[in-house]
Amino acid sequence: MTSVVMEEIPDRVTIAVEISNCRGDCPGCHSPFLREDVGERLTPQIISELVKDNFGADCFLFLGEGRDPEDLLSLAEYAKSLGINVALYSGRSDVEAEYWETFDYIKLGPYIEELGPLNSRTTNQRLYRALSDNEDIPCFTRAGRRFEDITERFWHRGLDNSAQ
Ligand code: SF4
């Protein structure tokens, strides 16, 4: 499923695409259908059309990462080449260096029902944003890039968004 969303990535108008074949096993999974091999295969052409059809969108979000890292990274690089940010909602606790090198936003952490999604103050999940070169704020470094934890941005909204 594809949608244009404002909530999932702060300060971005985001094209969000659900990616099936989830390799997670979160207890209380909110989207069990995403663990199946369902839907249409995402291609560079589809990404290009989505970006063209959603003028003003400045971020492409992969809601899930599937089971083919090379394909995912290649699609993310393609989306980046169109001049927009790329974001990943992963259900894993960490991702490989290539992901930190590629994505501008990365959400980590399995979905744990009793802790809630990103907009819950008790959430175990975290959303990280890559800093640009001229930003001088507290951060950590992964794969040669600097990131900040922007999870708290969700706690002032009172939204009821779901999480991957
Ligand atoms: S990452 Fe999302 S879709 Fe995958 S098992 Fe966890 S809650 Fe379900």
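Student: What is F103 in contact with, leaving aside its neighbours within four places in sequence?

Tutor: The list runs F62, L72, L73, A76, V86, A87, L88, A130, R145 and F147. Contact here means heavy atoms within 4.5 Å. Mind that this is a predicted model, with pLDDT of at least 70 needed for local features and 80 or more for side-chain atom pairs, while totals for chains, interfaces and linings use all residues. Numbering starts from 1 along each chain as its sequence is written, and side-chain values use heavy atoms, without hydrogens and water.

Student: Why is S90 called buried?

Tutor: Buried means under 20% relative accessible area, exposed over 50%, and partly exposed in between (1.4 Å probe, protein chains only). S90 has 0% relative accessibility, so it counts as buried.

Student: Where does S90 sit?

Tutor: In the loop between β4 and α3; strands are DSSP E runs of at least two residues and helices H or I runs of at least four, numbered from the N terminus.

Student: What makes the S90 and E65 side chains a polar contact?

Tutor: You need a pair of N or O atoms within 3.5 Å; within protein, one must be able to donate a hydrogen and the other to accept it, and residues adjacent in sequence count only if both atoms are side-chain atoms. The S90 side chain makes such a contact with the side chain of E65 at 2.6 Å. The S90 side chain also reaches the backbone nitrogen of R92 at 3.0 Å.

Student: What does S90 touch, not counting residues up to four places away in sequence?

Tutor: E65, V95, K107, L108 and G109.
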